[in-house]
Amino acid sequence: MAEEIQRRGVNDITAQIIGKTHWLQVIETPPAPPIIRGWDLGIGESAVLSWAYAYPGTEAIVDDLAARRCAAALGIPVRGTLGLVLIAKRRGEIAEARPVLEDLRRAGMYLSDRILNLALKEVGE
């Protein structure tokens, strides 16, 4: 997944964060088992789900709908980017969720105004 993100270039916000986040570890993922390859997902989604499949109880972080459906079919717990931002806000890792979510939207993440406002209401913004 890290390779896929880094291919976006140095101007990509996610690629920048990978390089600056000292606690983040890039690990080798196991080969995708046939049950995951059969879903014809992207490289990153397949890698994330392969890791979670190989290590039961691992929560997969995916936003892609097909990847979420695959995870559900395999009993892999999932969380999306929105959920991560809300957790970060609740834990005090970030002061405000709105600027982070707005940056993600500008970078190409789809998030409707309705969902954005509901999520922000959950964390008191």
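In this predicted model, Arg98, Leu101, Glu102 and Arg105 of helix α7 meet Asp113, Leu116, Asn117 and Leu120 of helix α8. Sorted by class, the residues in this contact of α7 with α8 comprise three that are nonpolar, one that is polar and four that are charged.

Two packed helices are described by the angle between their axes and by the distance between those axes. For α7 and helix α8, which covers residues 113–122, the angle is about 160 degrees and the axes lie 11 Å apart. Because angles over 145 degrees count as roughly antiparallel, α7 is described as roughly antiparallel to α8. The crossing that α7 and α8 make is right-handed.

Helix α6, made of residues 81–90, packs against helix α7, made of residues 98–106, at an angle of about 160 degrees, and their axes are 10 Å apart. This angle makes α6 roughly antiparallel to α7, and α6 passes α7 in a crossing that is right-handed. The residues that meet are Thr81, Leu82 and Val85 from α6, together with Val100, Leu101 and Leu104 from α7. By class, this contact of α6 with α7 has five nonpolar residues and one polar residue, but no charged residues.

The next pair to consider is α4 and α5. Helix α4, residues 43–54, and helix α5, residues 65–74, pack at an angle of about 15 degrees, with 10 Å between their axes. Since angles under 35 degrees count as roughly parallel, α4 is described as roughly parallel to α5. The crossing in which α4 passes α5 is right-handed. From α4 the contact draws on Glu45, Leu49 and Tyr53, and from α5 on Ala67, Cys70, Ala71 and Leu74. Of the residues in this contact of α4 with α5, six are nonpolar and one is charged, while no polar residues take part.

Two single residues complete the tour. Ser46 has its place in helix α4, and because buried means under 20% relative accessible area, Ser46 counts as buried at 12% relative accessibility. Leaving aside its neighbours within four places in sequence, Ser46 is in contact with Ile36 and Leu41. Tyr55, by contrast, lies in the loop between α4 and β1, the latter at 60–61, and is partly exposed, with a relative accessible area of 41%. Although Tyr55 and Ile76 are separated by 21 residues in sequence, they are 9.7 Å apart in space, from C-alpha to C-alpha.

Methods:
Residues are numbered from 1 along each chain as its sequence is written. This is a predicted model: local features need pLDDT of at least 70, side-chain atom pairs count only at pLDDT 80 or more; totals for chains, interfaces and linings use all residues. Side-chain values use heavy atoms; hydrogens and water are left out. Axes are lines fitted to C-alpha atoms, for helices over the stretch in contact, and angles run from 0 to 180 degrees between N-to-C directions. Helices (H or I, at least four residues) and strands (E, at least two) are DSSP runs, numbered from the N terminus. Angles under 35 degrees count as roughly parallel, over 145 as roughly antiparallel, 65 to 115 as roughly perpendicular and the rest as oblique. A crossing is left-handed if the near helix is turned anticlockwise from the far one by less than a right angle, and right-handed if clockwise. Contact means heavy atoms within 4.5 Å. Ala, Val, Leu, Ile, Met, Phe, Trp, Tyr, Cys and Pro count as nonpolar, Asp, Glu, Lys and Arg as charged, and the others, Gly among them, as polar. Buried means under 20% relative accessible area, exposed over 50%, partly exposed in between (1.4 Å probe, protein chains only).
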